[in-house]
Amino acid sequence: MTAQPFLEIRNLTVELPTDSGPIKVLDDISLAIRRGTTMGVVGESGCGKSMTALAIMRLLPPGFKITSGQILLDGEDITDVPDARMRELRGNEISMIFQEPMTSLNPVFTVGEQIAEAVRQHQGLDTGKAEQRAIEMLKAVQIPGAEARLNSYPHEFSGGMRQRVMIAMALACQPRLIIADEPTTALDVTVQAQIFALMRELQQETGTAIMLITHDLGAVAEMADDVAVFYAGWRIESGPAAEILRRPSHPYTSGLMSCTPRLRLGASAAEGGAALREIAGMVPQLGKMPVGCRFAPRCTRADGYCRTNVPKDVIVGPQHTAMCWKAEEEALA
Ligand SMILES: Nc1ncnc2c1ncn2[C@@H]1O[C@H](COP(=O)(O)OP(=O)(O)O)[C@@H](O)[C@H]1O
Ligand SMILES: [Mg+2]
């Protein structure tokens, strides 16, 4: 195992200027993904998971800016490389699977043309071989009648099928980093399992690193080597998946776990979903962040100190950190 991570994000801050001053959408985020491994990025909606992906891809929405920190890809600082270099990286090294497939499929070309074009460009295959590869990939993501569907346009597919086409296209180029933003949310569990199997297979063959963004901790348990938990623009816990799932340090992570039926240790089948607890309250809105710990208003363990002091990222175990005053007390105890 190489010591240097393939993707490293160091103290990344992304801001949106507003009339009442800049708002930090991502606040001092750090994470590292090792070659050939999968990092699960979890957290409720609105916590900054997609923003992180878009910052890496240099595809932030208009107005949003990286104001500090670095993004290193295989040691290269890509935080402000020229656009031409970034386009090259997006085509060859990094593939992103978006939540919404129409954002990355071109409506005026058939899916066969799009996949074949991608592999022709990136892997230098001739037309016949590229088409063969496109058929293989469509088959791999379980698209029925792959040969015939090669000539269909994106709008001729259902939402779920389109999602699979996009996944086929992203995997066909054998990128060194795949960023998958809720890639299987729209798909049923059987197809989800097939797509995860396909991603793992590709990872074993090519050593690609995967950043899997999901709100499903069950998917993390199945796929991830490491986990980063996001809350309100903070990366509030990170570490090895096995460790975090067995012994979460941040109360928010524990809360997420108690909402995931497959993960609740000792939960009987009879209990079913009915006994699921939700985390009370909601993610704070941008620009209305609490003063101290951003999770404090929803945290059953928070006290006055938590509500007035921003927690530090503390080491709670090997490669395992958490941004929580209570976790720090426990780590020191
Ligand atoms: N295009 C946009 N314009 C303004 N705010 C946005 C935009 N996209 C996302 N946001 C805000 O940025 C924050 C982080 O969003 P996002 O990264 O999409 O969250 P997640 O992917 O974890 O659900 C949220 O508060 C969200 O409302
Ligand atoms: Mg998102």
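The structure is a predicted model, in which local features need pLDDT of at least 70 and side-chain atom pairs count only at pLDDT 80 or more, while totals for chains, interfaces and linings use all residues. Residues are numbered from 1 along each chain as its sequence is written, and chains are lettered from A and ligands numbered from 1 in the order in which they are written.

With those words in place, α4 and α6 can be taken up. Helices (H or I, at least four residues) are DSSP runs, numbered from the N terminus. Axes are lines fitted to C-alpha atoms, for helices over the stretch in contact, and angles run from 0 to 180 degrees between N-to-C directions. On that basis α4 and α6 pack at about 130 degrees with their axes 9 Å apart, and they are therefore oblique to each other. Their crossing is right-handed (a crossing is left-handed if the near helix is turned anticlockwise from the far one by less than a right angle, and right-handed if clockwise). On the α4 side R133, A134, M137, L138 and A140 meet A168, L171 and A172 of α6, where residues are in contact if their C-beta atoms, placed from the backbone, lie within 7 Å. This contact has seven nonpolar residues, no polar ones and one charged. For these classes, Ala, Val, Leu, Ile, Met, Phe, Trp, Tyr, Cys and Pro count as nonpolar, Asp, Glu, Lys and Arg as charged, and the others, Gly among them, as polar.

Helix α3 (residues 111-123) packs against both of these helices. Its axis comes within 8 Å of that of α4 (residues 127-140), and the two cross at roughly 120 degrees, so α3 and α4 are oblique to each other. The crossing of α3 and α4 is right-handed. From α3 the contact takes G112, I115, A116, V119 and R120, and from α4 it takes T127, A130, E131, R133, A134 and M137. Sorted by class, that makes six nonpolar, two polar and three charged residues.

Against α6 (residues 159-172), α3 packs at about 15 degrees, with 9 Å between the axes; these two helices are therefore roughly parallel. Here too α3 passes α6 in a right-handed crossing. V111, Q114, I115, A118 and V119 of α3 make the contact with V165, A168, M169 and A172 of α6. Eight of these residues are nonpolar, one is polar and none is charged.

Moving up to the domains, the protein chain splits into domain 1 (7-93 + 175-266 + 273-332) and domain 2 (102-174), with bounds from an automatic or database domain assignment. Their C-alpha centres lie 29 Å apart. The contact draws 14 residues from domain 1 and 13 residues from domain 2. On the domain 1 side, the elements giving two or more residues are α2 (83-92) and α7 (189-206), and α7 gives the most, with six. That side has nine nonpolar, five polar and no charged residues.

As for ligand 1, the residues around it are V25, G43, S45, G46, C47, G48, K49, S50, M51, P61 and L286, a residue being near if its C-beta atom, placed from the backbone, lies within 6 Å. Helix α1 (residues 49-57) gives the most to this shell, with three residues. By class, the shell holds five nonpolar, five polar and one charged.

Methods:
Parallel < 35°, antiparallel > 145°, perpendicular 65-115°, else oblique. Contact = placed C-beta atoms within 7 Å.
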